[in-house]
Amino acid sequence: MSGDLTVTDVTCDRLVAKSVSGGVAYSGSINKGGSYDINVHSGDVRLALANPAGFVLNANSFSGSIRSELQLTIG
């Protein structure tokens, strides 16, 4: 609930991560067609992807920002 959540060196099809007063950091591989749901109230979301391919990401922040170095399609 409060504090940072860090997930490193993993591969998963689905991720749900939430934090009220902290950030979420994920580093590793993702699977094509995977679903990744990340919600933070006051913190940053950082993704370091080893193999960025087609995936669905839902990222929300109440008082932080969401930035990407990858080209995103918003739909």
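1. A nonpolar core is a set of buried Ala, Val, Leu, Ile, Met, Phe, Trp, Tyr and Cys residues joined through side-chain atoms within 4.5 Å. In this predicted model, the largest such core has 10 residues: Cys 12, Leu 15, Ala 17, Val 24, Tyr 26, Ile 30, Tyr 36, Ile 38, Val 40 and Val 45. Strands S1 and S2 each supply at least two residues of this core, and S2 gives the most, with six.

2. Val 24 is one of the core residues. With its neighbours within four places in sequence left aside, Val 24 is in contact with Leu 5, Ala 17, Ser 19, Ile 38, Val 40, Asp 44, Val 45 and Arg 46.

3. Ser 19, one of the contacts of Val 24, lies in strand S1, which covers residues 5-19. Is Ser 19 buried or exposed? Ser 19 counts as buried because its relative accessible area is 6%, and the cut-off for buried is under 20%. The side chain of Ser 19 reaches the backbone nitrogen of Gly 22 at 3.2 Å.

4. A search of the whole structure for cavities of 30 Å³ or more finds one. The largest cavity holds about 40 Å³ of space. Its lining is formed by Leu 15, Tyr 26, Ile 30, Tyr 36, Ile 38, Leu 47, Leu 49 and Phe 55.

5. Which elements give two or more residues to the lining of the largest cavity? They are strand S2 (24-40) and strand S3 (45-49). S2 gives the most to this lining, with four residues. By residue type, the lining divides into eight nonpolar, no polar and no charged residues.

Terms used:
Residues numbered from 1 in each chain as written. Predicted model: local features only at pLDDT ≥ 70, side-chain atom pairs only at ≥ 80, totals over all residues. Heavy atoms only, no water. 1 Å grid on protein atoms, 1.4 Å probe; cavity = no way out; pocket = protein on both sides within 12 Å on 5 of 7 lines; lining within 4 Å. Points joined across faces, edges and corners; volume = space filled by probe spheres on them. Nonpolar A, V, L, I, M, F, W, Y, C, P; charged D, E, K, R; others polar. Buried < 20%, exposed > 50% of the residue type's maximum accessible area, 1.4 Å probe, protein only. Polar contact = N/O pair within 3.5 Å; in protein donor to acceptor, adjacent residues only side chain to side chain. Contact = heavy atoms within 4.5 Å.
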